[in-house]
Amino acid sequence: MNSVIKYPNMTEKAMDDLDFQNKLQFVVAGDASKPEIADAVSEQFDVTVVNVTTQVQPDGEKKAYVELSEDDEAEDVASRIGVF
């Protein structure tokens with residue numbers, strides 16, 4: 001993907017977020033800040049990011065929960081990047 005976004009994270013919870021909260025999940029670089037993640041997602045997928053929440057997993061990986069604006073559909077983005 002790029003140096004900030006490693007790959008999309010598609011679990012059962014991620015699918016619920018996608019369907020009901022218009023959010024995408026990504027595994028990101030450990031040193032990536034929320035503004036950097038928002039910029040990377042905006043540029044790469046041509047969407048408007050409303051909010052970014054991050055979580056560092058016990059294994060050291062950093063997950064980003066990216067909420068998109070109402071004008072952008074998370075399902076469309078997921079379809080474009082081939083996660084389903």
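Analyst: Happy to. Keep in mind that this is a predicted model.

User: Which residues of the largest nonpolar core touch the most other members?

Analyst: Of its 22 residues, these are Leu24, Phe26, Ile37, Val41, Val66 and Leu68. Two or more residues come from each of strand 2 (23-28), helix 2 (34-45), strand 3 (49-56), strand 4 (62-68) and helix 3 (74-81). Helix 2 gives the most, with five residues.

User: Why does Asp17 count as buried?

Analyst: Buried means under 20% relative accessible area. Asp17 has 5% relative accessibility, so Asp17 counts as buried. Asp17 sits in helix 1 (residues 12-21), and beyond its neighbours within four places in sequence it contacts Asn22, Lys23, Gln25 and Tyr65.

User: What makes the buried residues of helix 1 line one face of the helix?

Analyst: The buried residues are Ala14, Asp17 and Leu18. Viewed down the helix axis, they fall within an arc of 100°, so they line one face of helix 1. These buried residues pack against strand 2, strand 4 and helix 3.

User: Which residues are exposed on the other side of helix 1?

Analyst: Those are Glu12 and Phe20; exposed means over 50% relative accessible area.

User: And what follows helix 1?

Analyst: Asn22 does, with a positive phi near 55°.

Terms used:
Residues numbered from 1 in each chain as written. Predicted model: local features only at pLDDT ≥ 70, side-chain atom pairs only at ≥ 80, totals over all residues. Heavy atoms only, no water. Core = buried A, V, L, I, M, F, W, Y, C linked by side-chain atoms within 4.5 Å. Buried < 20%, exposed > 50% of the residue type's maximum accessible area, 1.4 Å probe, protein only. Helix = DSSP H or I, 4+ residues; strand = E, 2+ residues; numbered from the N terminus. Contact = heavy atoms within 4.5 Å. Arc of directions from axis to C-beta.
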